[in-house]
Amino acid sequence: MNVLFPTIRFNSLFFKMLTYFLIVIILLSSYNVWSFTFYTRNVSTEIVNYNRTLIRNTVESFETQFKNWKGRLLNLQHHEYVRNIQRQADEKGKQGIDYLQVQSLASTIRELVNQPYYHLVNVMIYYRNHSFLVEKDGIVNDDRMFGHYYVNRDYSLEYWKHPGNDPQFLQTVPSRVFMVRPDLGNMLLLPIRTNVAGSPYEVIAFVDMKKWYESYKGKPGSQFFLLDADGRRLFQSDGADPDLKLPEWDGAAEWVLHDETYYFYERGVESGFTYVTVIKHDDLNRNINRMNWIAVALFAATVLIGISTSLFFSRTINQPLKNIVTGLTESDAVRYKGNIAEFNAISDHLQQLGQERKQIKEWMDSVKPMLTSYHYMARFKKLKIDAQDAQQLYAGDGAFMILVHQIRYRHLEGQLPSDLTSRILGQIQEIIRRTIGSEFPLSHTFQMETHQILSIVYTSEKSNQLKQSLAKLKQIYDHDSDYYLVTISVSSLFQQSADFDQAYAEALSLVRQARPVEETQIIWEKEQVTEVVGFTTEQEQEFYVNLQAGNENECRQLIQRAIEELTRQGATTEQLERFADYTVSRIRRTVKLLKITHEWSAELDPLLAHSVTPDQYREALQQFAAEAAGAIQLKREENYDIIQYVIRFIDTHYAEDISLDMLAHKLNMSPAYLSGYIKEKTGRNFSDQLNSLRIAKAKELLSGTNLPIQEVGNRIGYRNVTSFIRMYKKETGQTPGDYRKTLLRNSE
């Protein structure tokens, strides 16, 4: 005995393992003996009870789910955005709907449909009076929905146009096979409708009954029927006899035996539905025999496996230790807690290491997308990154193309809440990531600038898949063209990642080719963009002369001619926007230089921000010019006189080196126009006005001081004494010296 088991310790691993296995063998053997005896005596009753339990579980699961459906659909029925969309459609029609609310409502529906527990294929709000529905993907017309996406002869568009007649809030109608969109094929769906008296809309839900039944079906080989309160068959399982006539049920019996067939009945408290499971008596007998043989086989297998396992682990007692040591290098370690001190110590250490490794992996996974985006941005912007650190950042290699999604919001900065703008940008980025990523798994999408999203697509050609993906994005973007416009530019195919910056520059140049249209543009090829001119030099001068004169009609006509010329030259969006910004800035500057305090209309800047087409820019610029001309004209009517400003300016600055050009610049006028204006109002030009004042000041200095002639000329603005003497003689007929001598002789 000592040879076979030398020095056995009762607390040793060997002794405990052997004892545990022997106990397990005894317990399993006892259980099998008891099970065999019990089931041979009561197996028929137990199988019946078993099937009763199965159908009760099914009823409980479905009733719980029905209650959840009811609560969710009730919330949707009274959702604020649902009512808002109905009101908006009643007031302004479909075009008056707030699509941001539609997008938020569609997101709520997607969250509900994406819950796997509910087995919902789709949920939609049907605005019957306006013939459209809001579902998980947005707005769909009712003829399109029930004639293309969810097609069944029994549930045609004509059926849905009539409200339900069930007094309950939820009306459940028999399931049918629907053709769900051409790409998803046929599906067995259970329609559920809300029924609220007087409501102009209803909520419709489609339940995937195949998935539901696979989740909750009972005994294999049985037939299952779901009946409503009136006895209509709402659903029957695959293989169930559609012509089978169910026996009468008094509502109390738990099962009925009829024609050698068991019928198990249950009624749901929440829904009022009747659940029926049908099992033939022969199937039960086969189950009894199978259970007996299983019990015998289980007993034999338990004893055999127990003995074999005990013998194996007793002879290879060191194998568990080797497994634990090996587990130290694994990512997930299972913690062991028992009476063996050695296992406890090793397991504790293994658990600690596993947790540390898991935390590190989770952290790395969380920052990996951000690091990847940073690496791409660094490559595009040529930022210097430590070479050793760069090796840890992923950036794909191989043939690629760059997609630039340039977003232009059609509102002023700050007009919408920043969090809403951020959410819109995030949703756009997620749409791009899903659409492009589904066809190109190695693609990477991230935000490059405030209004710019970048996609790197690894591909060997400009494939049809890429064109189809961009066409889907265009369709999505065009739904929200009143709020923002997107220009998508596609670079050429580049072969090496070293060309990232070149590809990015090319894609940016393509963005500048965008045309002034109210739709998403996809630009594939580079075109020659010529420089265009809105105002010629003469037209610009004419425009600002008329603006300063308050001539509104002439300003409108000049703006219209400039826009027409830009359109004729094929101006891009960028060129048209640049012309508009320049013109508006000059209009504002003109009003400011004329010292007119004016509060601009609140709708002008939003109107300009919303402009895209040439006609929209023309309207916005004409309104700016009209308002400025009106303010200038009003100021003129308040006796504002440029001549007074000119005279005051000359009187206070005659000693300085002033000129007509300097004065015209201050008044934001052309020198020619200002000179003609002064001549028209005073009868003399600017030079005559200036020289006349200077000579008058010179006479005062010559008669009242002993200053030298050169100093007198310098004090009145003549830096050259010869020019002063010549001008003085021209104005008075004698030189300054002769004038002073004449004064001396007269005084004697």
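Modeller: The chain has an average pLDDT of 80, and 79% of its residues score at least 70; pLDDT is the predictor's confidence in each residue, from 0 to 100. This is a predicted model, in which local features need pLDDT of at least 70, side-chain atom pairs count only at pLDDT 80 or more, and totals for chains, interfaces and linings use all residues. Residues are numbered from 1 along each chain as its sequence is written, and side-chain values use heavy atoms, with hydrogens and water left out.

Colleague: Which elements have the lowest and the highest mean pLDDT?

Modeller: Helix 11 (residues 387-390) has the lowest, at 50, and strand 2 (residues 132-135) the highest, at 94. Helices (H or I, at least four residues) and strands (E, at least two) are DSSP runs, numbered from the N terminus.

Colleague: And where does pLDDT stay under 50?

Modeller: Over residues 1-6, for which the model has 1 contact beyond four places in sequence; contact means heavy atoms within 4.5 Å. Where pLDDT is low, the predicted coordinates should not be read in detail.

Colleague: How many helices and strands are there in the chain?

Modeller: The chain contains 26 helices and 18 strands. Of its 748 residues, 42% are buried, where buried means under 20% relative accessible area, exposed over 50%, and partly exposed in between (1.4 Å probe, protein chains only).

Colleague: Let us turn to strand 14. Why is it described as largely enclosed by the rest of the structure?

Modeller: Because 9 of the 10 residues of strand 14 (residues 400-409) are buried.

Colleague: Which strands does strand 14 pair with?

Modeller: Strand 14 pairs antiparallel with strand 16 (residues 452-458) over 7 bridges, and 7 bridges also join strand 14, again antiparallel, to strand 17 (residues 484-490). Two strands pair if DSSP finds at least two bridges between them.

Colleague: Which residues face each other there?

Modeller: Methionine 401 has valine 457 of strand 16 as its bridge partner, while leucine 403 stands opposite valine 490 in strand 17.

Colleague: A change of topic: is glutamine 86 buried or exposed?

Modeller: Glutamine 86, in helix 2 (residues 80-92), counts as buried because its relative accessibility is 5%. Leaving aside residues up to four places away in sequence, glutamine 86 touches Tyr127, His130, Pro200 and Tyr201.

Colleague: What about isoleucine 23?

Modeller: Isoleucine 23 lies in helix 1 (residues 13-77) and is partly exposed, with a relative accessible area of 41%.
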